[in-house]
Amino acid sequence: MSQQLTIEVEGGLLCRAITSDGSVRVIGVRAEEAAAELKKAHGLSGDAADIAAEGLVATALMAAHIKGPERMTLQIQSSKPVLSFYAEISSDGAVRGRLKPPRVVAPHRKLNGVLLAIKANEDRELYRGVTEVSDQTLTEALRGHLSDSAQIDSLLSIADGAGLLIERLPDSDGSHVLSVDAFNTRYGGLVDEPPGEVVEALTAGKLGDDEVVMLSMRSVFWQCRCSDERVLGMLATLDADTLRDMIETDGGAEVICHFCNHPYAVGVEGLKSLLSPN
């Protein structure tokens with residue numbers, strides 16, 4: 001019997017479900033609005049915008065099991081074409097990211113470099129995985145990463161700001177209800193469909209022709225963690241001579257957030273407060 005959860009979605013969603021026989025777990029992401037905010041914040045266009053959206057959805061897919069103060073980070077460093085991508089998502093669904101440069105030429109979105117995935121809480125890293133990216137799309141690289149790290153047969157689809165991850169689960173004794181061939185036959189066609197449509201069906205309790213039980217559903221939304229306090233904390237790490245030079249030569253400081261490009265102006269009095277003894 002299918003089960004539906006309803007929440008107030010802020011610009012997207014991340015949901016987890018399982019088939020009624022327990023043989024398959026599925027994770028769905030809708031993050032079109034967050035991807036649009038990422039594109040706008042960094043002036044991305046063409047292949048850069050597409051790769052950034054792909055990476056943002058991939059980050060959310062990998063964050064389905066984080067909780068509490070945990071966060072998931074996904075990084076890509078590519079040498080051909082030259083680009084760097086970084087995104088992170090917290091357990092409440094707040095996601096932010098960046099891609100540089102804002103314009104790249106990447107035929108078929110193929111990259112060459114490394115993919116780095118990190119799960120961490122406020123105190124330490126809980127997991128770190130590195131995967132080579134060799135003439136692959138970010139989705140193809142992530143598929144390889146999941147295969148190596150999770151050791152679970154899976155199907156993955158990311159397109160147009162949405163994503164779908166379908167995993168073949170073992171029983172408690174390590175056996176499987178579905179063979180690999182049966183798994184691919186039953187669900188393989190879903191990765192050729194627009195993932196956003198499949199996710200919408202998932203929230204209504206359906207995965208293809210099968211009913212699913214919804215395990216969790218939460219919002220995914222663009223939100224940067226920058227603030228005046230964080231900027232002052234960063235400036236406080238500078239040495240006294242540098243702060244005095246900002247005061248005397250520049251008459252203040254301007255800090256631009258790497259994620260949202262929001263400018264923060266810190267005046268002379270603010271800089272002087274960082275020089276004051278506690």
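User: Why does aspartate 135 count as partly exposed?

Analyst: Aspartate 135 has 48% relative accessibility. Buried means under 20% relative accessible area, exposed over 50%, and partly exposed in between (1.4 Å probe, protein chains only). The 48% of aspartate 135 falls in between, so partly exposed is the label. One thing to keep in mind: this is a predicted model, where local features need pLDDT of at least 70, side-chain atom pairs count only at pLDDT 80 or more, and totals for chains, interfaces and linings use all residues. Residues are numbered from 1 along each chain as its sequence is written, and side-chain values use heavy atoms, with hydrogens and water left out.

User: What is the phi of aspartate 135, and where does the residue lie?

Analyst: Aspartate 135 has a positive phi of about 50° without being a glycine. Most residues other than glycine have a negative phi. Aspartate 135 lies in strand 7; strands here are DSSP runs of E with at least two residues, helices are runs of H or I with at least four, and both are numbered from the N terminus.

User: What makes histidine 108 buried or exposed?

Analyst: Its relative accessible area is 70%, so histidine 108 is exposed. It also has a positive phi, near 60°, and lies in the loop between strand 5 and strand 6. That loop also holds proline 107, which counts as exposed because its relative accessibility is 57%.

User: Which peptide bonds are cis?

Analyst: One joins lysine 80 and proline 81, with omega about -5°. Another joins lysine 100 and proline 101, again with omega about -5°. Proline 81 is found in the loop between strand 3 and strand 4, and proline 101 in the loop between strand 5 and strand 6.

User: How do you know that strand 4 and strand 5 pair?

Analyst: Two strands pair if DSSP finds at least two bridges between them. Strand 4 (82-90) and strand 5 (94-100) have six bridges, in the antiparallel sense, so they qualify. Glutamate 88 stands opposite arginine 96 there. The two strands form a hairpin with three residues between them, and glycine 93 in the turn has a positive phi of about 95°.

User: How many bridges does strand 5 have with strand 12?

Analyst: Strand 5 and strand 12 (residues 221-222) have two bridges, in the parallel sense. At least two is the requirement, so this is a pair as well. Alanine 94 stands opposite phenylalanine 221 in strand 12.

User: What is the order of the open sheet with mixed pairing, and why do strand 7 and strand 12 stand at the edges?

Analyst: The order of its six strands is 7-6-3-4-5-12. Strand 7 (125-136) and strand 12 each have a single partner strand, so one side of each is left without a neighbour in the sheet. Helix 2 (residues 46-62) packs on this sheet, touching strand 3, strand 4, strand 5 and strand 6; contact means heavy atoms within 4.5 Å. The helix direction makes about 35° with that of strand 4 (axes are lines fitted to C-alpha atoms, for helices over the stretch in contact, and angles run from 0 to 180 degrees between N-to-C directions).

User: What does a search of the whole structure find in the way of cavities?

Analyst: It finds one cavity of 30 Å³ or more. A cavity is a set of points on a 1 Å grid over the protein atoms alone where a 1.4 Å probe fits but cannot get out, and lining residues have an atom within 4 Å of a point.

User: Which residues line the largest cavity?

Analyst: Glu88, Ile89, Ser90, Ala94, Arg96, Gln223 and Arg225 do. Strand 4 gives the most, with three residues. The lining has two nonpolar, two polar and three charged residues: Ala, Val, Leu, Ile, Met, Phe, Trp, Tyr, Cys and Pro count as nonpolar, Asp, Glu, Lys and Arg as charged, and the others, Gly among them, as polar.

User: How many residues of strand 5 are buried?

Analyst: Five of its seven residues are, so strand 5 is mostly covered. Across the protein chain, buried residues make up 46% of the 278 residues.

Conventions:
On a 1 Å grid over the protein atoms alone, a cavity is a set of points where a 1.4 Å probe fits but cannot get out, and a pocket is an open set with protein on both sides within 12 Å along at least five of seven lines; lining residues have an atom within 4 Å of a point. Grid points are joined across faces, edges and corners, and a volume is the space filled by probe spheres set on the points.
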